[in-house]
Amino acid sequence: MAIAEVEKQGVGVSMLRKEDDRLLRGRGQFVGDVRLAGMKDVAFVRSPIAHARVKGVHPPEDLRSQVVTAADLEGVKPIRAVSGLAGFKPSDQPVLAFEKVRQVGELLAMCVADTRAAAEDIAARVELDLEELPAVHDMIAARDKDAPLLHEDWGDNVFLETFVDVNIEAAFDAPIKITREIKTARQSMAPMEGRGTVAYWDKRMEQLVLISGSQMPHIVRTGLAECLGLGQHQVRIVSPDVGGGFGYKGILLPEDICLGWYAMRCGHPVRWIEDRREHLTAGANCREHHYVITAYADRDGKLRGIDCEATVDSGAYSSYPFSACLEAAQVASILPGPYDFPSYRCRTWSVATNKCPILPYRGVARTGVCYALELVLDAVAREAGLEPHEVRLKNLVQPDQMPFDNITRKHFDSGDYPEALQRAIEAIDVKAIRERQKRGEENGRLIGVGHSIYCEQGAHGTSVYSGWGIPMVPGHEQATARMTPDGGLELRVGVHSHGQSMETTLPQIAHEILGIDISKIKLVHGDTEYTPYSTGSWGSRCAVMAGGAVAAASRDVASRARKIGAHLLQVHVDDVELVGGRVKGPSGSVSLEEIAHTWYRLPQNLPDDVDPRGLEGTVGHKPKRDTGTFSYAAHAAVVAVDPENGDIEILDYVIVEDGGKLINPMVVDGQIYGGLAQGIGTALYEEMNFDSSGQPLASTFADYLLPGPTEVPAPRLDHMETVSPYTEFGVKGIGEGGAIAPPAAIGNAVNDALKDLGAELVRTPMTPRRVLEAIFAATNADSQDHSDRGGRT
Amino acid sequence: MKPVNFDYARPKDVAGVISLIGDESRVVKILAGGQSLGPMLNMRLVQPDLVVDITGIEELRQVEDRADEVGIGGCVTHSDIEDLRVADVTRGALPKVAAGIAYRAVRNRGTIGGSITHADPSADWISILSAIGATVTLRGPDGVRSLAVEDYMLGALEADLRLGELLVSVNVPKLGPAARWGYYKSCRKTGEFAHAIGAFLIDPDRDVCRAVFGATESKPLVVSEAGDLIGRTGERDLAQGFDSRRADELIRDNGMNDPIDRQIHVAALRRALEQSGTV
Amino acid sequence: MVQITINDRQVSGECEPRTHLADFLREAENLTGTHLGCEHGVCGACTVLVDGVPTRSCITFAHACEGARVTTIEGLDEDEIAAELRTALSKEHGLQCGYCTPGMVVSARDIVLRMEAPSEHDIRVALSGNLCRCTGYVGIVRAVQSVIEARRARGIAAVPGGGRDRLGPAGSGHAGAVQENKRERAAPAEAAAATRAAQVSRDDNWRPQTTLEDSFTVSHPPEVVWDFFGRVEEVAACLPGASLQGAAEDGHVEGQIKVKVGPISAEFQGVADITRDETAKAGTIDGAGKDKRSNSATRGRIRYVVREGDRPGETLVELSIGYTLSGVLAQFSRSGLVQDVAGRLIAVFVQNLEARLNHEAGGGTKETAPESAALDAGSLMSSVVIGQIKQFFARLLGRR
């Protein structure tokens, strides 16, 4: 193999993806594609009411054997995800509800039949006797003294309250004080494939097997075993191809437990495939924040302090494993973002409401805090009469401060934030936009430019999560590398790809070290039986953690291959090197194929003292510091707002990002494009509305609008590459970032467009109606009573 | 998300349909392309005893060329019209509007008769056909009757069908050589249901001047003598003759109280005039 | 039994009329490359070729495709355009998780086949029936564009209409008539539902989701009008589709109300509790009902106050009608459509109430009372207005 060719497959190369061919031919295997003999289908009876006492669940007599209710589930524990933070109130999420239901869509019974249609027929015949209770649908009203209680023994509806104060009083005398009330909508992660589970009891292995599209198979195994009272060796989770996850597919669902329980008793496989209505109304909800945020600044734009009260609508239950405070508890620590200022105060509430539990979604908490902070910074700029980027440049952490501990003691590993912003400002050409704004548009539209900048903490480990004390604390990651007798390589990792291209990128890392052609490197993942324990794919951690582990395991195998190679070449190991898949000595070389062949097939040719661990190793990785990598990006957007019908069109979009060393730049670009599309969804389209009785009002994709090809522009990307000092190759996690900044950049651009009208939007999504309401409120201040909101909608 | 178990029939002619749908003792639904009914069946919003598939009926998949109109069979699809498999007599209006209905895969099965019978206020056909002045032909146990499209729609999801009646054709007038039309819809994203529609037709040779405010919460508001509203014929820049205030008053008088709704509906009609001949 | 040619193979199989084409392909034929993403025709993951043109297989019934030619992603392995698209999609990183990909390839193939020289925007519009949550569409659009450009450069022209030459829905018109089966359908849970009708819990804190207020004057003294409201069966007769089971006892009555709008029918079975305050001449009817079939439920409260009118012998009736809907029927953002029904219902109720009161006030008897208007064409004019009132209140009350 020529060395030039070798170089084209390693770290930093845009290799085409190994997983593409099967997916392009419809040969992927997703959970719904699994076929097992005798398999039956499950449909659930779900609560149509948000808050009610369960007086009875009555299956039809003739079908009693095909229906499971809470009364049947003997020995099954509720799902309990406790946080160790002081004052956290735990909730018990029942697998099948019995005393109360606390959200629409909560499970009341499981129905089993030959087909899903027949199972739904049974479900339709199960009679529910529910006594409706007043519902809590508004997270702010939920904290009122007389609000109905979801969990009566709590005494209120607050999962957790946190408070941090760093000398906020010092900022009070600042000449500029800007306060905004900002809201982000409840959303749905909406991967194109919903959840799904096939469960059966493997008699030979005496093991419950759950085939379930999961980002975090090992965590699901742990949680499932605990709820069912099984030893972990009795549970195997297989995660096949996963059709997107974005956070939703890491969660242990009550459905999983129901199917597992039933499969242990019924003698045949059962399957449940979540349909879109279930997904939207009962399961996949995320991101509903409310902020009252105040910025204190000097006239020159220098920030003196940020004061914030943040509330997160956590829904009815604390979900496993991330808990009900995954968003709010993070808000306080990440709100300051990449800015350096001296005073800070933040109080947060994680509030229980009669809605779906809030679950992690790409950019967890960051999308909301970025929107809140960046909007208020633009308001400061308008007040100070400065360009928004001038205010940011005054306050961003400088490259010479790196590594930098910010006001909430977040440890920034590296980066040049001002440079990223400068590049974005130049690329979007703020000056030209200002000229264009002066000229005006022929068609009456209003042009605006806006930008935002954020940092994305990826692969954060023990020191971050242990303080939080949820059921899952990450810290280290293992990988197995095993050469095959033909000189190929198997990699085994406990993380799981749900679109991130790991079947390509992790082999690229192994290739970088071993030089084996990546067509001969197979990634084994998505099966607890075959892979090292891992918390899984979340938190922008796979490239750093699994990538680091693959590098370590590959080196481990390489070191022993070198020894065998040196023996075969009859030279000392110090005199050989592994290059391009060959062990080279002073006067000859031997290929890894030959070395593998010797180890497995011709052991008689090995030295007597050969290392018996051979060409296989499971090795772990722990970064030099586990506070995480800090990737970041500056986003800049130009929008045209139609003041007549409220339409917003994105005319131009620029992203300057820094993800450290990129393993596969093509894949990184893909993550940014996809993240941007989701961010645009957050900014302009996606909203899970509920009425005041807790009924979800978006049960289809005609109600819950996902951006399509005409709603997402092709952005212009620019990369910086500040390597992390703490990771293998200097990589940083970048999976979530694309989705963090767009609502803020677009929101600032819209407000820039509307500034001459005196209108300002401070909530997502920025729908045409909200645009028009803001304009109406600002221009007809007397004809409508919006005075209490200062013309903001 | 699977439908209830229903029975299925596919009659070979209209008479066969009429005999099935006149039965009040059970819930009977007519299925054409199924692009609106299909989702409702899957979600069990509709739980019929019998589904009558009318797409096997040759008569409903034909087009009849008459002296001053064409009769388009109820089962002709949006893409049949978009692709000009149905000869256009509307100076491009119908093909262009057809091309903007939902998505191509939906247009390949969704039918013109099914769309207007479903009577969704936000759908395209109901508004443009009202503007063009099309009629529908209904056939039932008591014979045949004909209605203007805007009269056929009674309200949201309600068409004027008597027991046992079926829409057999949509009759589209042949427009004069000087006819001008326009159509504009406000959507949040491509293929989404419209929040406001404006449509008009000025056909001087036939002395027709009509304007339509569509995508209200109910049937479209049709102004059949719209000369005062949208200006006289012959003006090159049609939008110049548009009386926004009158339009606003008109829809307010017809119950549209919300000023934002009024604004986007007035704007939609004005843009239909501005962009005359395009969609 | 249904016969379809799938990927050039004649297939015949048993399937229920309710089985959509996607389930038939996936479950009966094990062609799992066709994916289900929404099952309501929006996301495009299930797109297959039927008679050569893209079709939503989740909202097309297998029986409606009798005799048709169906091509799934598995049948495009050797297809020239699909092969070029696969190469281009991989090169442009046009897929990540791969779930939307089969439907995307089918739609993209149609665009390549059909559109001669589309702009980037044209391609985006044409692709807009296929949602992708991973890629932001960047690579997909580039891939489609590159394949079109390469083919046109090689002199391969577009085929307008994708070569389709017949009218009517794709897949239709290949097979003869089918008689209904006349088999017995399992009865829905009606009997059971009747025994477990909804209960009204007396809860003073309950607030209806939507409230309409209305008032009208009748030319007769308040005592007569007050009496009328005491006869619950007459009040009920004014509500279109409503009927009572038996007489009211201790202010408690059972009954049902049938509501039909377009293809949707709901039949709410329920109870009502009536309270009357003689001194204030005010009363409340609290009702609750459950739909027999959909597990949807509704709850409503009618409050009425009877006052002296401006002129002697006249009565002013003030009505406040509130309701809340829950379950499947409530869970749409286009609530205009479902709520419009309620709005229309209430409008007709008020109209009937007024007519009946005036009739009785004018000396008419219950027996000769005017036929209550049903929910039909005649009631729709007012529904527009009521709808707007309803919206106004929704806006007023819905925001803090």
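Colleague: How much area do chain B and chain C bury between them?

Modeller: This is a predicted model, and the values that follow are computed from it. The contact draws on 74 residues of chain B and 72 residues of chain C. Of the area buried between chain B and chain C, 53% is on carbon and sulfur atoms, and the total comes to about 6100 Å².

Colleague: Which side chain of chain B meets D23(C) in a salt bridge?

Modeller: Across the interface of chain B and chain C the rule finds four salt bridges, together with 18 residue pairs in polar contact, both residues of each pair being at pLDDT 80 or more. In one of the salt bridges, the distance from N to O is 2.7 Å. A side-chain nitrogen of Lys or Arg has to lie within 4 Å of a carboxyl oxygen of Asp or Glu to count as a salt bridge, and the partner that D23(C) meets in this way is K2(B).

Colleague: Which element gives the largest share of the side of chain B that touches chain C?

Modeller: The elements that give two or more residues to this side of chain B are the strands β1 (7-9), β2 (28-31), β3 (50-53) and β8 (153-155), along with the helices α2 (37-42), α3 (78-82) and α5 (104-107). By class, the side of chain B that touches chain C holds 32 nonpolar, 20 polar and 22 charged residues. The largest share of that side is six residues, and the element that supplies them is α2(B).

Colleague: Within chain C, which three residues supply 32% of the area that domain 1 buries against domain 2?

Modeller: The domain assignment places domain 1 of chain C at 1-78 and domain 2 of chain C at 85-162, and their C-alpha centres lie 21 Å apart. Between them, these two domains bury about 1300 Å², with 58% of it on carbon and sulfur atoms. The three residues that supply more of the area buried by domain 1 of chain C than any other three are H35(C), I73(C) and L76(C).

Colleague: How many residue pairs in polar contact are counted between domain 1 of chain C and domain 2 of chain C?

Modeller: In this interface, 17 residues of domain 1 of chain C are in contact with 14 residues of domain 2 of chain C, and the rule finds zero salt bridges across it. The side of domain 1 of chain C that touches domain 2 of chain C divides into ten nonpolar, five polar and two charged residues. With both residues at pLDDT 80 or more, the count of pairs in polar contact is seven.

Notes:
Residues are numbered from 1 along each chain as its sequence is written. Chains are lettered from A and ligands numbered from 1 in the order in which they are written. This is a predicted model: local features need pLDDT of at least 70, side-chain atom pairs count only at pLDDT 80 or more; totals for chains, interfaces and linings use all residues. Side-chain values use heavy atoms; hydrogens and water are left out. Contact means heavy atoms within 4.5 Å. Buried area is the accessible area (1.4 Å probe) that two parts lose on being put together, summed over both. A polar contact is a pair of N or O atoms within 3.5 Å; within protein, one must be able to donate a hydrogen and the other to accept it, and residues adjacent in sequence count only if both atoms are side-chain atoms. Helices (H or I, at least four residues) and strands (E, at least two) are DSSP runs, numbered from the N terminus. Ala, Val, Leu, Ile, Met, Phe, Trp, Tyr, Cys and Pro count as nonpolar, Asp, Glu, Lys and Arg as charged, and the others, Gly among them, as polar. Domain bounds come from an automatic or database domain assignment.
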